[in-house]
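Student: Could you walk me through how to read contacts and helix packing in a model like this one?
Tutor: Happy to! Let's look at it together.

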Amino acid sequence: MPLGTTGISAVDVGYIAEAAAIALTGDGHLGKTYNLVGPDILSGDRVASIWSKLLGKRIRYGGHDMDAFEEEMRKKSPSWSAFDSRMMFQGYLERGFTAGKGDVEALTKLLGHPPRRYEDFAKEAASAWVAV
């Protein structure tokens, strides 16, 4: 994924569902907005470094050739979706998408526990791959 150098504060999708369930079924959330973010800033190089360490081999960040990214996405999804993905990731490259001050703390309070770190997700995934 073309994450660039500024990085993103990606959140585990399970926590998106959990936060939605809490906000939709609990009291005190009417009119509130929650930024759903992860606790780490993930750049392309940082993600490659995490996977390199876990897999015991060099994983290289593929860079951010947006034409190549969109072309690859078109193999897996409709052209409009590939273009939309390109525009979203282009924004990440230009501006990043990192948590603001207090965002992780607010999400932790909403969930009742801290959001999972990307490295913990990657460890779990790598262990599952080795078991196969």
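Tutor: Let's begin with a definition: a polar contact is a pair of N or O atoms within 3.5 Å, and within protein one must be able to donate a hydrogen and the other to accept it. Keep in mind that this is a predicted model. Here, the side chains of Arg86 and Asp67 make such a contact at 2.9 Å.

Student: What else does the side chain of Arg86 reach, at 3.4 Å?
Tutor: The backbone oxygen of Met66. Setting aside neighbours within four places in sequence, Arg86 is in contact with Met66, Asp67, Phe69 and Glu70.

Student: Is Arg86 buried or exposed?
Tutor: Buried means under 20% relative accessible area. Arg86 has 17% relative accessibility, so Arg86 counts as buried.

Student: Where does Arg86 sit, and how does that helix pack against α3?
Tutor: Arg86 belongs to helix α4. Helix α3 (residues 66-74) packs with helix α4 (residues 79-95) at an angle of about 145°, their axes being 8 Å apart. The crossing is right-handed. By class, this contact of α3 with α4 has 7 nonpolar, 3 polar and 4 charged residues.

Student: At what angle do α2 and α6 cross?
Tutor: At roughly 40°, and the axes of α2 (residues 44-55) and α6 (residues 118-131) come within 10 Å. That angle makes α2 oblique to α6. Their crossing is right-handed. The residues in the contact of α2 with α6 divide into 11 nonpolar, no polar and 3 charged. Among those that meet are Trp51 in α2 and Trp129 in α6.

Notes. Residues numbered from 1 in each chain as written. Predicted model: local features only at pLDDT ≥ 70, side-chain atom pairs only at ≥ 80, totals over all residues. Heavy atoms only, no water. Axes fitted to C-alpha atoms, helices over the stretch in contact; angles between N-to-C directions. Helix = DSSP H or I, 4+ residues; strand = E, 2+ residues; numbered from the N terminus. Left-handed = near helix turned anticlockwise from the far one by under 90°. Nonpolar A, V, L, I, M, F, W, Y, C, P; charged D, E, K, R; others polar. Buried < 20%, exposed > 50% of the residue type's maximum accessible area, 1.4 Å probe, protein only. Contact = heavy atoms within 4.5 Å. Parallel < 35°, antiparallel > 145°, perpendicular 65-115°, else oblique.
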